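The sequence and the model are shown first, and the description follows.

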Amino acid sequence: LKRFRIALTLFLGIAWPFGALADERTGEIPGRSTVVRLLEYRFEPAQITWNAGEETELVLINEGTVMHEFITEALKDLDVDVEINQVVTETQGVAELEIPPGGKAVLRFTPKESGEFSITCRAREPKDHFKEGMAGRLLIR
Ligand SMILES: [Cu+2]
């Protein structure tokens with residue numbers, strides 16, 4: 001696969017049709033997959049645990065009515081495949097994803113080092129999501 005580097009933040013604004021989510025809205029995908037729903041104003045679940053060295057898939061679904069963000073330091077030094085609308089981009093380091101209502105992104109990567117990280121949403125419309133409690137914790141063990 002072709003590799004390329006994105007030095008800072010991979011910023012993705014996605015226009016995603018609501019209908020495309022039909023099969024993904026319920027339940028966990030079996031295996032090493034974590035589904036995180038973004039809502040006003042929380043992540044569900046807000047606590048995520050991954051294993052260092054294990055191939056991991058993260059599915060982010062915005063089930064809210066406004067734009068949400070997924071911001072973390074946990075992925076910034078990793079090779080990450082980002083799949084949006086069936087297009088896969090292989091990149092190094094993901095710091096922030098911006099996902100519109102009804103939008104979905106799938107990230108695949110292998111965590112390397114253990115640590116504890118925050119996840120936050122810094123969107124401010126219609127109010128400050130972080131202040132409303134839109135934050136969580138990501139543990140890599
Ligand atoms: Cu938000």
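This is a predicted model: local features need pLDDT of at least 70, side-chain atom pairs count only at pLDDT 80 or more; totals for chains, interfaces and linings use all residues.

## Strand β1 and its partners

In strand β2, the residue that stands as bridge partner to Arg-37 is Glu-44. Strands β1 and β2 (residues 42–44) run antiparallel and are paired over three bridges. Together β1 and β2 make a hairpin, with two residues between them.

Strand β1 also pairs with β4, this time in the parallel sense, and six bridges join the two. Arg-37 takes part here as well, with Ile-61 as its bridge partner in β4. In general terms, strands of a sheet pair through backbone hydrogen bonds, and the pairing may be parallel or antiparallel.

Is β1 mostly covered, or is it open? Seven of its seven residues are buried, so the strand counts as mostly covered. Ser-33, Val-35, Arg-37 and Leu-39 point one way from β1, while Thr-34, Val-36 and Leu-38 point the other way. The residues on both sides are buried.

## Salt bridges

Side chains of opposite charge can pair when their charged atoms come close. The count for this model is nine salt bridges. One of them is formed by the side chains of Glu-54 and Arg-32, with an N to O distance of 3.5 Å. Glu-54 belongs to the loop between β3 and β4 (56–62), and Arg-32 to the segment before β1 (33–39), so this pair ties together parts that are 22 residues apart in sequence. Glu-54 is partly exposed because its relative accessibility is 28%, which lies between the limits of 20% and 50%. Arg-32, at 48% relative accessibility, is likewise counted as partly exposed.

Arg-37 forms a salt bridge with Glu-63, and the closest N and O atoms of this pair are 3.3 Å apart. Because Glu-63 lies in the loop between β4 and β5 (68–72) and Arg-37 in strand β1, the contact ties together parts that are 26 residues apart in sequence. The two partners fall into separate accessibility classes: Glu-63 is partly exposed, with a relative accessible area of 23%, whereas Arg-37 is buried, with a relative accessible area of 14%.

A further salt bridge is formed by Glu-83 and Arg-108, whose closest N and O atoms are 2.9 Å apart. This pair links distant parts of the chain, with Glu-83 in strand β6 (residues 79–84) and Arg-108 in strand β9 (residues 104–109), 25 residues apart. Arg-108 is partly exposed, with a relative accessible area of 31%.

## The five-stranded sheet

Five strands form an open sheet in the order β3-β11-β10-β5-β8, and their pairing is mixed. At the edges are β3 (47–50) and β8 (96–99), each of which pairs on one side only. Neighbouring strands of this sheet are turned by 20° against each other on average, direction ignored.

Within the sheet, strand β10 (residues 115–120) and strand β11 (residues 135–140) run antiparallel and are joined by six bridges. Ile-119 stands opposite Gly-136 of β11.

Leu-97 is part of strand β8. Is Leu-97 buried or exposed? With a relative accessible area of 1%, Leu-97 is buried. Leu-97 is 29 residues from His-68 in sequence, and their C-alpha atoms are 8.4 Å apart in space.

Gly-103 lies in the loop between β8 and β9. Its relative accessibility is 0%, so Gly-103 counts as buried. Gly-103 and His-68 are 35 residues apart in sequence, with 9.6 Å between their C-alpha atoms.

## The largest pocket

Rolling a probe the size of a water molecule over the atoms shows where empty space is left. The largest pocket of this model holds about 190 Å³ of space. Which residues line the largest pocket? The lining consists of Glu-73, Ala-74, Lys-76, Asp-77, Leu-78, Pro-111, Lys-112, Glu-113, Ser-114, Phe-117 and Ile-140. Sorted by class, this lining has five nonpolar, one polar and five charged residues.

Technical notes: Residues are numbered from 1 along each chain as its sequence is written. Side-chain values use heavy atoms; hydrogens and water are left out. Two strands pair if DSSP finds at least two bridges between them. Helices (H or I, at least four residues) and strands (E, at least two) are DSSP runs, numbered from the N terminus. Axes are lines fitted to C-alpha atoms, for helices over the stretch in contact, and angles run from 0 to 180 degrees between N-to-C directions. Buried means under 20% relative accessible area, exposed over 50%, partly exposed in between (1.4 Å probe, protein chains only). On a 1 Å grid over the protein atoms alone, a cavity is a set of points where a 1.4 Å probe fits but cannot get out, and a pocket is an open set with protein on both sides within 12 Å along at least five of seven lines; lining residues have an atom within 4 Å of a point. Grid points are joined across faces, edges and corners, and a volume is the space filled by probe spheres set on the points. Ala, Val, Leu, Ile, Met, Phe, Trp, Tyr, Cys and Pro count as nonpolar, Asp, Glu, Lys and Arg as charged, and the others, Gly among them, as polar. A salt bridge is a side-chain nitrogen of Lys or Arg within 4 Å of a carboxyl oxygen of Asp or Glu.
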